[in-house]
Amino acid sequence: MEQKAPTNGGPDRPARNIGSRKRARGFPKGRQLDTEALDEIKALIGDWPRRHDLLIEYLHLIQDRYHYISARHLKALCEVLRLPQAAAYEVATFYAHFDVVKEGETPPPPTTIRVCDSITCAIKGAGALHDALKSRSDPKHVRVLYAPCMGRCDTAPVAEVGHLHIDHATPGSVEAVVKSGKREPRVPRYETLDEYRAKGGYAILEQCRSGRLSLDAVVKELTDGGLRGLGGAGFPTGRKWQIVRSYPGPRLMTINGDEGEPGTFKDRYYLERDPHPMFEGALIGAWAVEAERIYLYMRDEYPAVLHILAHEIEALEKAGIIEKGFIELRRGAGAYICGEESAMIESIEGKRGYPRNRPPYIAEVGLFGRPTLNNNVETLYWVPEILQKGAEWFADHGVNGGKGFRSWSVSGRVKQPGVIVAPAGITARELVELAGGMEDGHSFKAYLPGGASGGILPARLADLPLDFGTLDKYGSFVGSHAIVVFSDMDDVADIVVNLLRFFKDESCGQCTPCRVGCDKAVALLERRDWDGELLKELAQAMRDASICGLGQAAPNAFITAMEFFSDEPARTEVAGRPDRH
């Protein structure tokens, strides 16, 4: 019997009349919109504009209000912003400070305790603190997590409950905060706008705006003074302003306040005490490049600073120093990678913090595709004082060939950790002395000259001048000027594993050399015996092929450790800890 070919489908599917109408679905395809959630999102956003670049700000509103981000609220937010759910979901899940809960999943407990596990906190007992809190907490009501550096290395170990930090934390002090119900940050006493103006603040800005100070004169003073980018790269500030100004407008400016490098806390130190030198320096920079707006990106780990900045920006607007909206404060969300300038720009645009391939550099194609000036908080902090006192005043304070002051974040095994303002070119040994010397019973053994990225050097090299370029031949650098001091009580291998775990957790995952390289490095370093040749081969691949500085600098820790501490006695296997994410 002859078989008829089907009119549609395949041989195993019955033919149907192509002209017949397809039966309509009883409900729309995809996740359904919850009208109650939609009303809640509209109430949270209020009169804020419905712009895609504000996605992260709105995710913060949800997280702060409900302590997690539910599928229903994420769907409602996408409806308000007219965004695809996939676009919002990939952003929300990229950042560590957003707890995204899928349909059917159990939301996290109402209280979260975060224990900093950066290297300074680690040697000060963060592991024991974490374990004690976890064993004594009811998981139905409290969860205990490890968290990356909170920028409070001078008060290690540190824990955080909600947005409230507990310095020199103990199980008892953390539990007392949990029971108290307090979750908001303690805002320290700081110099307000009125107080800053009373002692002559913003006079230099007025000279620039009135024409009494020319752009050429400003650039010359900063260049002759030797002011460089103090976020870690060290690019000459005056030269950067000239480069951005050379590209056709409209131009924008960004301020990088995302100092997530373990061991670094200098920017927090200034902003919690006197934020207006930074603001005045930023407005001078914006004047120099004719920026139409400033975007101030501040890390979420600094809740008190965020409060201060928001208050003082409003004060600047009321005083008529800036127009309303000229400085826009943006809040990070727990991603170390956003300290890289192009990743920060992606985050300001409401996206994942993926570093961009270069060229073009952000000076030419930056935020929203415009030429963009980006400066670090401390760099801007020095601008008004240099212009007031002159280039020679600043430059002459350097030693051993260095120029100017530096704000050194000093922590670890010293008696008086904190920010030390000292000349560029000072030595690590001198900084240890300025920090009160070594803790009782501890002998100086090693130090990180530039936080987690700058490698680890032995105490016998502690008399080298610390400045940009002076440590290159030792496979190290000063970076953000974060000095972490170790003693004979600390194991170098454990230190290195801690640093590489940090990079593994914080890699954005965009490029394979960094994503896989950091993971592989941790696995190799956690073994009892290190395979030196394999680690060197891995380091070379990461340095050659990673997109940004995270993957390129991550190997510094184990390469310098193998170079300078090969005579360390055999160590026991490093105890593992679960990844943060």
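**Exercise 1.** Sort the lining of the second largest pocket into nonpolar, polar and charged residues.

*Solution.* Begin with the classes. Ala, Val, Leu, Ile, Met, Phe, Trp, Tyr, Cys and Pro count as nonpolar; Asp, Glu, Lys and Arg count as charged; the others, Gly among them, are polar. The lining then splits into 11 nonpolar, four polar and 12 charged residues.

The model is predicted: local features need pLDDT of at least 70, side-chain atom pairs count only at pLDDT 80 or more, and totals for chains, interfaces and linings use all residues. Numbering runs from 1 along each chain as its sequence is written, and side-chain values use heavy atoms, without hydrogens and water.

**Exercise 2.** Find which residues lie nearest the centre of the second largest pocket.

*Solution.* Step one: the lining has 27 residues. Step two: Trp48, Glu57, Ala310, Glu328 and Leu329 lie nearest the centre. Step three: helix H2 (55–66), helix H14 (303–318) and strand S9 (327–331) each give two or more residues to this lining. H14 supplies the largest share, seven residues.

**Exercise 3.** Describe the lining of the largest pocket.

*Solution.* Count by class: 16 nonpolar, 21 polar and nine charged. Among the 46 lining residues, Gly231, Gly232, Ala233, Gly339 and Glu340 are closest to the centre. Elements supplying at least two lining residues include helix H11 (237–246) and strand S7 (251–257).

**Exercise 4.** List what Ile327 touches, leaving out residues up to four places away in sequence.

*Solution.* Contact means heavy atoms within 4.5 Å. Ile327 touches Phe279, Leu283, Ile294, Leu296, Ile313, Leu316 and Ile322.

Notes. On a 1 Å grid over the protein atoms alone, a cavity is a set of points where a 1.4 Å probe fits but cannot get out, and a pocket is an open set with protein on both sides within 12 Å along at least five of seven lines; lining residues have an atom within 4 Å of a point. Helices (H or I, at least four residues) and strands (E, at least two) are DSSP runs, numbered from the N terminus.
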